[in-house]
Amino acid sequence: MTALFLEDAYLSTVESLVTGIREDGGILLEQTCFYATSGGQPGDTGFLERENGDKIQIAGTVTGDTKAEIILVPAPGQSVPAVGEKLVQHIDWDRRYNLMRMHTACHLLSVVCPYPITGAAVSETDSRIDFDMTDTIDKAEVTAKLMELVKANHPIFNQWISEEELRANPDLVKSKNVRPPSGQGRIRLVCIGEGSSIDSQPCGGTHVGETAEVGEIHIGKIEKKGKENRRFRIRFGPLPA
């Protein structure tokens, strides 16, 4: 299966052939633009359009035995397509685009707060990153630094490196506990800024093409979660007065 979102996060509609139907009803396709739940980012929802115009609503997207196997999960009560049938995939674009903006905001926060990441979760309205840190930091200060990066409108692009190159540059990995999946032969880096001048880190998620697309964001709350853990919550909109 070809994961088209790895090269083009803005691809929201694409044709594909059904290659398999799992016992649990999950649909496998030859290629897909649907992102599967991974790395704290939820999987895509949307629908599949059949040649007669009927729709199969997709309630979620997950991975199978490996990250390379992407399974579209139909909502209850949907019709079952046939193996070999041609379908047109339609992502819930508004939802996906908000997730892309939020995921990008999480990368920017990891630039402003250069500490090991111990956990993360992306949602449409309120995302979080947990850092291994003891420093006290002001949410208004962090918000101001985030918005500087957003307004500078830095380009965001992908770059592929080998697994050997990643092993030779372990500092590229910001997560304290999770390593990028190996065995595929190559690793995708998400880079921010001309020549990766702002950031570069392994990530399989979806992101916007320029930091200005993130829009106005702020740190809604910084919580202490243990002696050496701080949870930052990112929200859309201006910092409340």
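**Core packing, sheet arrangement and cysteines in a predicted model**

Val142 touches Leu109, Val112, Cys113, Ile137, Ile219 and Phe232, when residues up to four places away in sequence are not counted; contact here denotes heavy atoms within 4.5 Å. The structure is a predicted model, in which local features need pLDDT of at least 70 and side-chain atom pairs count only at pLDDT 80 or more, whereas totals for chains, interfaces and linings use all residues. Residues are numbered from 1 along each chain as its sequence is written, and side-chain values use heavy atoms, with hydrogens and water left out.

Val142 is also among the residues that touch the most other members of the largest nonpolar core, together with Leu109, Phe131, Leu146, Ile217, Phe232 and Ile234. This core holds 30 residues; a nonpolar core is defined as a set of buried Ala, Val, Leu, Ile, Met, Phe, Trp, Tyr and Cys residues joined through side-chain atoms within 4.5 Å. Buried means under 20% relative accessible area, exposed means over 50%, and partly exposed lies in between (1.4 Å probe, protein chains only). At least two residues of the core are supplied by each of α1, β10, α2, β12 (186-192), β14 and β15. Helices (H or I, at least four residues) and strands (E, at least two) are DSSP runs, numbered from the N terminus. Helix α1 provides the largest share of the core, eight residues. A second, separate core comprises 18 residues, including Leu29, Leu48, Ile58 and Leu87.

Of the 20 residues of α1, 15 are buried, so this helix is largely enclosed by the rest of the structure. From its first C-alpha to its last, α1 reaches 29 Å, close to the 28 Å expected at 1.5 Å a residue; the expected span is 1.5 Å times one less than the number of residues.

Four strands form an open sheet in the order β9-β10-β15-β14, with antiparallel pairing. Strands β9 (117-121) and β14 (217-224) stand at the edges with a single partner strand each, so one side of each is left without a neighbour in the sheet. Neighbouring strands of this sheet are turned against each other by 20 degrees on average, direction ignored. Pairing requires that DSSP finds at least two bridges between two strands; β14 and β15 (residues 230-236) are joined in the antiparallel sense over seven bridges, and Ile219 has Ile234 of β15 as its bridge partner.

Two helices lie across strands of this sheet. Helix α1 (residues 93-112) lies across β9, β10 (126-131), β14 and β15, at about 140 degrees to β15. Helix α2 (residues 139-151) lies across β14 and β15, at about 145 degrees to β14. Axes are lines fitted to C-alpha atoms, for helices over the stretch in contact, and angles run from 0 to 180 degrees between N-to-C directions.

Strand β12 is mostly covered, with six of its seven residues buried. It pairs in the antiparallel sense with β11 (residues 156-162) over seven bridges, where Asn158 has Val190 of β12 as its bridge partner. Four bridges join β12 to the antiparallel strand β13 (residues 199-202), and Ile192 stands opposite Asp199 in β13. The β12 and β13 hairpin has six residues between the strands, and Gly193 takes a positive phi near 95 degrees.

With a disulfide defined as a pair of cysteine sulfur atoms within 2.5 Å, the count comes to zero. The sulfur of Cys33 is 18 Å from the closest cysteine sulfur, in Cys203, too far for a bond. Cys113 is in no disulfide, the nearest cysteine sulfur, that of Cys106, being 12 Å away. Cys33 is buried, with a relative accessible area of 1%, and Cys113 counts as buried at 0% relative accessibility.
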